[in-house]
Structure formats: structure tokens, C-alpha cells
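Please open the structure in your viewer and display it as a cartoon.

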Amino acid sequence: MSDLPFGFSMPNDPDDESGRRSGDSGSGAGSGGPGGGSGMPDGFPFGDPQQMAAMLRQFADMMSAQPAPGGGGQTPSSGVNWQMAKDVARQVVAQEGDPSVPASDYAKVEEALRLADLWLDQATDLPSGLQTAQAWSRSEWVERTMDSWVQLCDPLTSRTVRSMGQNLPEEMRSVAGPLLGMIQQMGGMMVSRQAGQAVGELSREVIGTTDIGLPLAGEGNAALLPSGVERFGEGLEIPADEVRLYLAAREAALHRLYSHVPWLRSHVSRLVGEYADGMSFDISGLEDRLGEIDLTDPEALQEVLGGAGGEGLFQPEDTPQQKAALNRLETTLALIEGWVATVVSSAVSGRLPQAGALAEATRRHRATGGPAEHTFAALVGLELRPRRLREASALWSALQEARGVDGRDAVWQHPDLMPTSEALDDPDSFVHGSGEFGEADFDISSLTEEAPGQRKKDEESDDDRGEDS
């Protein structure tokens, strides 16, 4: 899977026999760009108009071969065909085969999720969030999580597609309008395929619905993939039932969090949107690259868009707004993961003999690049740093020791109470009340309604106004 955000580069396809090349864009009078052919009309910047027309016809043929619009979470206004993305993801899954989950495995997963959820009752004040407990095949995971991928990724992918033309100087847009419109459409197709490829590859690695810190099938719809559970346990020499129960506890814990913290999902989505809004693209080499395109060869155009060696036509640039949003998103995801790790550790302690080894395996899974890291790196360039995750776990453990389970979980009542990146750097100040919110005992009502003293003052003021009148 590519480490660059969706739409910035195309992965090399081992089945591609088109003979992509650099410096050799094929034959044709227009292949040399402006001034490259003797029959080119003066002032036409992209080759012979007849060749332009031929190329546009080829592009129309290519577009007509794509899936029809509509359904499947498609958002045509963004330029990204999410139905195509889902079809590509299903094709990736089918390449290795994807048998249905046997009834015996389904029963084991359902039992593990229900039992682990009962254990969590003693580890957190948040009540159960499970509505369903299921076992899925990889294709079922793709089908049932795609709507969440659309919501999560569309701000980023649509920003990429829209940038293909909008960031150009006005004079370039006026002379290259037909070509740039085609670039945007081909870019949308490219991003759609790359998104589908990434989701399909991810399905080979995921364990359940919560691997990236979001309940991808919606709050309460818990599921594990037996193939993912088996893959996680390879080489650990820990009984399969124990591995399954530990992973079920993690799945159930995150569903509790999202089911009873109503602002959390929208908060994560907003941070992704802020990152997308801060995207900026380098177009310094665009004019030269457009002049190199062979207008009779759509594959050459796709190569320029996707780039060879990761250098596409539109490259993202870091901006202060983007970096700030990325830091907030990283901190939020680290806090989610740290809370889950802390709660699960308390829930399984004394029940699973290899709980410590399983927790360490989970940390290694993060550190070496598990599904969450790879997916977010591909989407938004986000790396969940193990240092942040360890610090988040330490902060939640310190909160529990200082305030108890009630005080620890009360922090989730309002986003303004959440630890910041600075709190992860200095957890003692946050835990022991030298930070913004004072002492460890705090009242959430102070953020959502008038304090009792203020309410009394207001009532006295009302009485005074009544007497004056």
C-alpha cells in the first residue's frame, strides 16, 4: 500500500503490460508538446487540435467502461466514484479467496464478544455499547464498512480531485480548459481505484470493526474477522481462545466509548475535514509537465497524473493549518487507543494468563505498522506514533489512580475536558489539577449550564427588576 495520500500517486500494477515509460511518450505529431511538431497550428499549446479531439474520444470510451453512477455511497459532486472503489476492494478480496465464516467460528466469536463485554462492566463506568456481536468474512467487512470510509475519506479525496485545475493560474485555465477537465475526471477515477485498492488490502489485515480507532460499522455493531484473529495470534504461542477473548475485549471497549460519547465521532471527522481544508498542492512544474503529454495516449496522461516513483502532477505541501489539524487528530486517536488499552488491561487482569503478552503484541503491532497506521498514512499522511500511544496509556492509568474509574471516564463527558498534546507531554499537571481545569474534582455542569451560585444571583436580579417595575 502506498505511503502517500490517496490520489497523489498510483501503485505499480504487476499486471500492467502497457510498457509505461519516461521520456518516451509514444509516436504522433503532438508528442513533443508546444513547438514539437511541424504541423501544429501557431498558438495552440497542446498539439494538433485533431489529435486533441482523438484523445478526448479515447477518454470518453474509457469513461464509458466505468461503473454507472449511483448507489453504493457514491458522491459524484466530489469526483470520486465510491461504487467503483467498493468494486475494486471486493476484487482485491476475491483474488485470494474469501470463504464464508463457518458456523462454529461464528459461535466462538459471538460468545467471546458477549463474555468480554461482561468483563468490561467492572473496568469502566460506561455501560455496554454492544447491539450486535458477529463474525465476518473479509468481503462482508468491505461491504459493511464502506459507508464509513466514504464519510471519513471523502473530504480528503474530493479535495485532491478538485485541486486538479482549481489551483492553476487563470491564464493556464483559460487555454487548457478541455485538458484540465479531463485531468480532473481521470484523477477522480484514479483516486477511486486507489481508495478501493487500499480498503481491499486492509481487509486482509483487520481484526474487527475498530482497528483504526473508529467503529466502522456504526456504534454498537461489533464484529471480529476469524481470519484476522488467527493472523494476529500467529507466532504468539498463546491459546486461540485467549487471543480471541482479548481482541473481543478491545472491540467491545471501543464500542462502549463511541456509544456513550456522542461527540467523539463527529470530532474525529471534523479534524479530518480540517486537515483536508489545509491541503495545498505544488503546481510549480505543472506547465512543463503538461507540455510533455502525448495527447493521443491516455495512458501517458495517467502516468503524469499518478507519477513515476511517487512524483505525481499534484503534490501536497505541508501548511501550518494542516500540521495543527494533524497534531490534534493524532492526539485524539492516541487518547482513544490509550483509554481502550487501559480499560481492557483492567478487565482481563486475572482472567487471561497471557494478558501481558497480548498487550505487548498489540503495542508491537502498532509500532511495526498495523492497519491503523498504514490506512491513515495512505489517507492523510498520519502516523500514530507508539510514543504518543504509550504516553496516552500512562495518562489514563494515572487519572484512574488519582481520580478513580469514575473520574477517569468523566473526562469524556465534554471535548473541552480532554487532554491535549501538551498534557501528554506533562501528564502530572493534567492529572493533579495544575492545568486548565484546576483540581481533580470538576463539575461538568459548569460547562453546560449556569453554576448554582450564578443561578441564585440571576434569580435575585429578576426579583429586583420585578420590584422596580
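The expected span of a helix is 1.5 Å times one less than its number of residues. Please keep this rule in mind for the helices visited below. The model on the screen is a predicted one.

**The whole protein**

Begin with everything selected. The protein contains 19 helices and four strands. Of its 469 residues, 49% count as buried. The protein exposes about 21500 Å², and carbon and sulfur atoms supply 47% of that area. Among the contacts with a separation of 6 or more, 80% are accounted for by residues 24 or more positions apart.

Next, colour the model by pLDDT. The average for the protein is 74, and 58% of the residues score at least 70. Select residues 305-314, where the pLDDT is below 50; in the model this stretch has 38 contacts beyond near neighbours in sequence. Then select residues 435-459, where the pLDDT is again below 50. This second stretch has 23 contacts beyond near neighbours in sequence.

**Helix α3**

Select residues 103-120, which form helix α3. How far apart are its end C-alpha atoms? They are 26 Å apart, and this agrees with the 26 Å that 18 residues should span at 1.5 Å a residue.

Now show the side chains of Val109, Ala112, Leu113, Ala116, Asp117, Trp119 and Leu120, the buried residues of α3. They lie on the same side of α3, because they cover an arc of only 155° around the axis.

What covers the buried residues of α3? The cover includes the strands β1 (132-135) and β2 (221-224). It also includes the helices α7 (226-233), α8 (240-260) and α12 (320-348).

Helix α8 has 21 residues and reaches 31 Å from its first C-alpha to its last, close to the 30 Å expected at 1.5 Å a residue. Of these 21 residues, 17 are buried, so α8 is largely enclosed by the rest of the structure.

Within α8, select His255. Is His255 buried or exposed? His255 is buried, because its relative accessible area is 0%, and buried means under 20%. Not counting residues up to four places away in sequence, His255 touches Gly129, Leu130, Thr209, Thr210, Pro215, Gly218, Glu219, Gly220, Asn221 and Ala222.

**The loop between α7 and α8**

Select Glu237, which is found in the loop between α7 and α8. Glu237 counts as exposed because its relative accessibility is 79%, and exposed means over 50%. The phi angle of Glu237 is near 55°, a positive value in a residue other than glycine.

**Helix α6 and Ser192**

Finally, select residues 177-203, which make up helix α6, and locate Ser192 within this helix. Ser192 is buried, with a relative accessible area of 0%. Which backbone atom does the side chain of Ser192 reach? The side chain reaches the backbone nitrogen of Asn81, at 2.8 Å. Leaving aside neighbours within four places in sequence, Ser192 is in contact with Val80, Asn81, Met84 and Ala85.

Conventions:
Residues numbered from 1 in each chain as written. Heavy atoms only, no water. Helix = DSSP H or I, 4+ residues; strand = E, 2+ residues; numbered from the N terminus. Buried < 20%, exposed > 50% of the residue type's maximum accessible area, 1.4 Å probe, protein only. Arc of directions from axis to C-beta. Contact = heavy atoms within 4.5 Å. Areas by Shrake-Rupley, 256 points an atom, 1.4 Å probe, with all protein chains shown as cover. pLDDT = per-residue confidence, 0-100. Polar contact = N/O pair within 3.5 Å; in protein donor to acceptor, adjacent residues only side chain to side chain.
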